[in-house]
Amino acid sequence: MSDMENVLNGKKIAILVANGFEESHMTSLHKNLVTTGAEVKIVSPEKGVVNSWHGNGWGHFFPANAHLSTSMSHHYDAVVIPGGSRHVARLSANPQTARFMRGFMEDNKPVALLDDAPKILAAAELLEDRSVSVIEDAQEAVTEGGATVVDTMLHVDDMLVSAKEEIGPMIEKFADCIVKYEPEAWEAA
């Protein structure tokens, strides 16, 4: 990732998590994003701290920098959502998640989804006519949400980046999308 160092200086990236997110995903995502120079904030519906899932049980607690109910997509340049069935189910059931993510999708801002995270956008009806890479357990929910499942480890559909376990390469593609994103073009449309 040395070629990625400081490429996202000045950019604000949200990592959206609820209790039960996959700890290794979030820690790798956070580390890789910090290397790019981005300002990384953990956004969560949980207040204060959010609890990860690690292996076969609960993992570490992490401080949440922003509460989902008061967070808006225009506060951030991009969002990334790690995998983890417990947190995916919690976020999918929370109407604030749909509101938050709708802003990113409608403005075509960069969004990165790992493993089963595309289920969150499917539940919010935000994947119609999109294509994503998703783990097998989540494929049915994603196709029911109107998306096409692509059988690759990493997939880019415009500003939507999805991956299965490919955190380093996903961050590189995600960073490319963030650098290429031109909000002025969307504001003028």
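This briefing covers the nonpolar cores and some of the strand pairing in this structure. The model is predicted. Its largest nonpolar core has 31 residues, and another core, of 29 residues, lies apart from it. Strand 4 (residues 49-54) pairs with strand 2 (residues 21-22) and also with strand 5 (residues 57-63).

**The largest nonpolar core**

- The members that touch the most other members of this core are L16, F100, M101, V111 and L121.
- Two or more residues each come from strand 1 (12-16), strand 7 (78-81), helix 2 (85-93), helix 3 (95-106), strand 8 (111-114) and helix 4 (118-123).
- Helix 3 gives the largest share, 5 residues.

**Contacts of L16**

- Leaving aside residues up to four places away in sequence, L16 touches V43, L68, V79, V80, I81, P82, H87, L91, T97, F100 and M101.
- Two of these partners, F100 and M101, are listed with L16 among the core members that touch the most others.

**The other core**

**Pairing of strand 4**

- Strand 2 and strand 4 run parallel and are joined by 2 bridges.
- E22 has W53 of strand 4 as its bridge partner.
- With strand 5, strand 4 pairs in the antiparallel sense, over 5 bridges.
- N51 has F61 of strand 5 as its bridge partner.
- Strand 4 and strand 5 form a hairpin with 2 residues between the strands, where G55 takes a positive phi near 70°.

Terms used:
Residues numbered from 1 in each chain as written. Predicted model: local features only at pLDDT ≥ 70, side-chain atom pairs only at ≥ 80, totals over all residues. Heavy atoms only, no water. Core = buried A, V, L, I, M, F, W, Y, C linked by side-chain atoms within 4.5 Å. Buried < 20%, exposed > 50% of the residue type's maximum accessible area, 1.4 Å probe, protein only. Helix = DSSP H or I, 4+ residues; strand = E, 2+ residues; numbered from the N terminus. Contact = heavy atoms within 4.5 Å. Pairing = 2+ DSSP bridges.
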